Amino acid sequence: MVNLEYLKMSPIQKVWFRLKSFFKRLPSAFAAFFKSIPKKLYKLWLAFAGIFVNIGKAAKDGDWKTRTSFAVMGFGLIARKQYLRGFLYLFFEALFILYMVFFGWKYLAKMGSLGEVACVEEWDEELGVFAYKFYDNSLLILLYSLLTVFIMAAFVYMWYQNVKGSYLSQQFTEARLNLPTTKDDIRACADKNYHKTLLSIPMLGLVIFTVLPIFFMIFIAFTNYDKAHMPPQELFQWVGADNFSNVLGGGVSANSTQFAFTFAEVLLWTVIWAFFATFTNYIFGMIVAILINKKGVKFKKFWRTVLVMTIAVPQFVSLMFMSQLLADQGLLNNLLMKWGWIHSPIPFLTDGTLAKVMIIVINMWIGIPYTMLICSGILMNIPADLYESARMDGAGPFRAYMKITLPYMLHVTTPYLITQFIGNLNNFNVIFLLTGGEPLSLDLQFAGKTDLLITWLYKLTVNESQYAIASVIGIFTFIVVAVLSLILYNRSKSVKNEEDFM
Amino acid sequence: MGVKKKYRSKKGAERACLALIYIVLGVISLIWLIPFLLLIVQSFRGESSGMSMNYVFPEQWTFDNYIRLFTETKFLRWYGNTLLVSVVVTIIQTVIVLMTSYALSRLRFKLRKPLMNLMLILGMFPGFLSMTAVYFILKEINLTQNLVGLMLVYSASSAMQYYICKGFFDTIPKSLDEAARIDGASRHTVFVKIILPLAKPIIIYTVLSAFIAPWGEYMFSSFIMLGDSDHFTVAVGMKMWLEKESVNEYFTVFCAAAVVVSIPITALFIWLQRYYVEGITGGSVKG
Amino acid sequence: MADVSLKHVYKVYPNGTKAVNDFNMEIRDKEFIVFVGPSGCGKSTTLRMIAGLEDISAGELKIGELIVNDMEPKDRDIAMVFQNYALYPHMTVYENIAFGLRLRKLPKDDIHKKVVEAAEILGITDYLDKKPKEMSGGQRQRVALGRAIVREPKVMLLDEPLSNLDAKLRTQMRAEISKLHTKLQTTFIYVTHDQVEAMTMGTRIVVMKDGFVQQIDTPKNLYSYPANKFVAGFIGTPQMNFFEGTLLKTGDSVAIKFDNSDAEITVPYSLLYKAKPAYLDGKKKVIIGLRAEDISLAKENIKNSKAVIKVKISHKEELGSETIIYGDINMEGDGYGESPTRVIIKDGGERDFSAGETVEAALNIEHIHLFDKDTEQSVLPRVPEFNDVECEVKDGKLSFCGVELELPQAVKCEDLKGELLIPTDAILFDGKWKADVVSCENAGGVNLSALRLNGNRLYAVSTEAVESKSVKIGIDFKKITVVSEGEEKISPMPQTNGFPCKFVKKKTRELAEVNGKMKKKKIVRFGFEIGDAFFETTDETSQKIFAALGIKKSFTAALRMECGADNLSVSEVGIAAEAVRTLDYGTEKYLACAVGDNTVYVKTDKEYSGSICLLPDLAQVGIVETEREIKII
């Protein structure tokens, strides 16, 4: 159904209409979401139950080879001459047992308490002096017990796969179908199972260096890991959700309300920053690209190269140089004073508000060339006949820009725009290297006026060792970023559907 | 007559418009270039007083800063560190990104969508917070204050950079894969013999971005190399020069170092910029 | 150089849509098969399933002697040409053609020889060192063809290879592909949406729509005997004219009345013998199809024709060699849009016509096509299903067409007057009444004979051609229907019985000889379980089920065993059933028995009562997966 009324509306009406219908749809969308929960739960339950059904079947119907695989992983496969996979399972099981016995277990056992004794002064026989001897390190206990849980989960998964595989190969044998041989298995690695070959190493890296640390961080948020509880000298303990209530202002700790205030303040600035940083770059970058690519402009390559140089010069160089240039005693202020334009230095980076503006301006200086480069690429791809037909319809350059260039660019660059926005929410370099979050403020807890969530986090951990609080803030940051990007992604989907240029 | 007049005036307006554009572009170029020119000029300044002078051109032109850079400081070492890390990370990251992108773009398996969603969500966590855990993991395998550790950190999560590369792969017609598979190629052969040769722009893009990243990265390297100046990367080392207590002494050296760091990367970038743009905008491959 | 056989092939997507439904076809070696149909009809999907680029949801696909369902494309020995050529852009033409051979690790010299040879056949020798992007569309398609033929595949698959070319080039390439087919002597399967391509190139054409095969036949037969309105409209240009109307049979003539128009014509019944009798009542709506060339405005045709209607001319299209005239049989109609009164006429005769003029047009009724308005199936089929005659039952005797015969016990009924429906395959050539053979034609695999029995027309199908002038016929009572006063008095016996069943695995320990010693050995058997009965299957059957459903789903899926009455027998063991009554058809006896809530029929020669067991002939049964209604065997 075409909404003819909608087509007639002016742009403002359209936006209003869309907003209205969005909010109108909201309750039903929520209702649908909640209605779908039981169904989804049921589906999940089915999938979950399916696992046990499969195991049960394998136990009941399996022959002795399959049943032996319950204890000796891979046995069923080896017995049916699928050596490669069989031995891999067996190897994995051996490795797992060794790991658990010699490493995993002792950490996992202490996960509940996070350690009993941190360090004791003991008599060292060899040196003949009293020396500190370290026992339990809460941090390592938490980290390694998490690692162990991960490995156990992997083991359970592998075990299940092994049972399933053994049973399947039993069924294959019984059905007198040809079992894949080791050679087939190897060949499948380059063909049918190529995704496993390709993704196993990247995913392993991702799990160890991203997923595990994120879980670690989440768990830290429920402990009292801070300056006063620094392993290995001290232990830290589980404290439940205390840190969350502290950050949200309802906590018992003295500076709780201040934390909440700081969080709100920093969050607000982070969102404002991300918005302006993204859109100023985008719009001005596009304008520069259009200027350079305009028909008749010569030395296109020269203009482009001039700007591209800024991308190529490492960001930290230009940022640090800028911070020096704009400092209160920096070259710019000195020059201006020498020429008598000003009498006292302009606090470019030392006045809260001015610093914020300057950061966005300098970010433009850094980001525009990048956007320009991308936009030029896309501009060259806009089909010329679109412009020609617009000219035939009597559109001037401005209208052509509004009706063709901008929608087209938005259409093509939405994903880029979203990644830029998310990237800016977590943009460490620009703030840290330019102002370091300064100027400081007495109202804010360990944060300066230009600190983003991410730089505040950096300070909380590196300078203040407030690990637990930092983790809580990290989780909140995640929630903010996730919510914003989900909204943007959904929005971009609708943009795509409406303005299809392809 | 009227038509001719109109034609002429239109041409005049166009000329004025062009002139305006040239002026704007000129101003923009100046704004963008002046800081860099300033940087270069400062690197030849003889008198050391940080940046708190009130004149642009140095009173004393000298090469001393460059000589100091390579003789007095550990810059050469940092440079080597960064270069080594960059090269290794570039290789690992490019391979991982290409593998992940191909799998997610071309292969169909049950966990494809969940995996893409997972990586999207992981990307939203502030990467820095996981540093503590990463630090202790690295410590356990004795890789803190160590370049290998830094390489691991930089390249371990490369899979998450798949987005742009996958987008490029998606533009390569699927029928090419199918034709090759009918011709007798396995999925691996398709990847190596068909997709990779067509993915030159995106490979260059990935190489370039991977290569540049370690030069400007400060957060992770400062944390992992905490206090061990032998293993600093240029970013960490040069930042140290600009601390309040050393800025006066080292500012001009910093400028010289900045020039030395920038030149090769800039050259590389200008040389490969065509592919860079093609890669990111998905220059379409036609079968 | 191989046969291709598709049996009950389905493509079902995860969301439940069926892209291809029960595709059955035997493609013989060296055939040129064209799949044609509008976009989204499943033709490309079918081709891609044959190529191995798409999984087969169910069914069996054989290339040569091999079942290739789960085989990778590269192992199927096929080659494919794509719509967008799919040439490797980074390779030269030479490398493109040689790619497949290099992957197969042929010696370099052989590769060179073959590539050059293929290039010569296609006339692209001069371009061998060029990259695809330096070439025109036609040249690229030649390269794509070269890449396909150089491997000497068993089957060549072509997926709309010409649709990216301009009209002139398309005609030229069409001829070249045909030439290539003659030269290569291999099986070609060609997908197109263009019926002209299909008609000109195919030895047989498969017309598809919405995932269903509409008709498989030679181009000529498709044109002359379309099985339904879709095929009729799809094949031939300009499109066939479709009118709505009714047929009324009175005596020896049939009145055809056109809806929304005054037009009405009367034709002798002899032209519509094959028409399904139910449609001749003057009420049931039919669609009347006439091709543009079967409507004429020429004077002498009108003079000689008995079927003349009035047409208002609306406009015409001048094509040079011929003129297409558009009009309407409804005097208020405009003849532009497609409507059930619009008429397109090819033969304008000598005269020139002007718009708005009302003229007479002669219809060539011998080429009329009739379709049901709702089902769109032909009601004037090439092979009629039924003979419909008047009949009378009196004292247990059935009389029709001037013959009288004793009704057997199974179909006894009270006295009545009514209609007798004899399926064409229920007329047996071993009876006692003499009938004249008017004609006998081979129509799509069966032989259709038109018989005259005491002046009445009857159609009969047989597997062998009838050559004699007259035959002795009888009827098969199992298949006849007698209808009187709207009620079915005698019903045919159902052709198939369905038993819900499961595929199961049974493990037993049995004594078996192992290395010369008798030992207890575990034996695994597969079979169908119906109630308590278990029927062991052959390995071949179980593998078919595994192939169709996967090893896990085979044991959980609900299945139905379909089994004709002739393939069931009463036995000591088997499906538990309750004998209800015996049906005696004279020469044969059948037993109706109850299995659960269903009634099934079994061929028998004895009388039974009480509990019995039924044994199906496993070699003859069909197996259907009930959830998706997919035929497995």
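Biologist: In which strand is the place of Lys316(C)?

Modeller: This is a predicted model, in which local features need pLDDT of at least 70 and side-chain atom pairs count only at pLDDT 80 or more, while totals for chains, interfaces and linings use all residues. Residues are numbered from 1 along each chain as its sequence is written, and chains are lettered from A and ligands numbered from 1 in the order in which they are written. Helices (H or I, at least four residues) and strands (E, at least two) are DSSP runs, numbered from the N terminus. Lys316(C) lies in strand β16 (residues 308-318) of chain C.

Biologist: Why does Lys316(C) count as partly exposed?

Modeller: A residue is buried if 20 or more other C-beta atoms, placed from the backbone, lie within 10 Å of its own, exposed if 12 or fewer, and partly exposed in between. Lys316(C) counts as partly exposed because it has 19 C-beta neighbours inside 10 Å. In chain C, buried residues make up 40% of the 633 residues.

Biologist: With which residues is Lys316(C) in contact, leaving aside its neighbours within four places in sequence?

Modeller: Two residues are in contact if their C-beta atoms, placed from the backbone, lie within 7 Å. On that basis Lys316(C) is in contact with Thr323(C), Ile324(C), Ile325(C), Tyr326(C) and Phe353(C). By contrast, 54 Å separates the C-alpha atoms of Lys316(C) and Ile473(C), which are 157 residues apart along the chain. Among contacts in chain C between residues at least 6 apart in sequence, 64% join residues at least 24 apart.

Biologist: How many helices and strands are there in chain C, and into which domains is the chain divided?

Modeller: Chain C has ten helices and 41 strands. Domain bounds come from an automatic or database domain assignment. For chain C these are domain 1 (4-232), domain 2 (238-372), domain 3 (410-490) and domain 4 (496-631). The C-alpha centres of domain 3 and domain 4 of chain C are 34 Å apart.

Biologist: In what order do the six strands of the open sheet in chain C run?

Modeller: Strands of a sheet pair through backbone hydrogen bonds, either parallel or antiparallel. Two strands count as paired if DSSP finds at least two bridges between them. Here the order is β23-β22-β21-β24-β29-β30 (chain C), with antiparallel pairing. At the edges are β23 (403-406) and β30 (487-490) of chain C, each pairing on one side only. Strand β22 (residues 397-400) of chain C pairs with β23(C) over four bridges, and Ser399(C) stands opposite Glu404(C) in β23(C).

Biologist: How many residues of chain B are in contact with chain C, and how many with chain A?

Modeller: The size of an interface is often given as the accessible area lost when the parts come together. Here contacting residues are counted: 17 residues of chain B are in contact with 19 residues of chain C. The largest share of that side of chain B, seven residues, comes from α8(B). Ala, Val, Leu, Ile, Met, Phe, Trp, Tyr, Cys and Pro count as nonpolar, Asp, Glu, Lys and Arg as charged, and the others, Gly among them, as polar. The side of chain B that touches chain C divides into nine nonpolar, four polar and four charged residues. Towards chain A, 65 residues of chain B are in contact with 84 residues of chain A. This side of chain B has 47 nonpolar, 15 polar and three charged residues.
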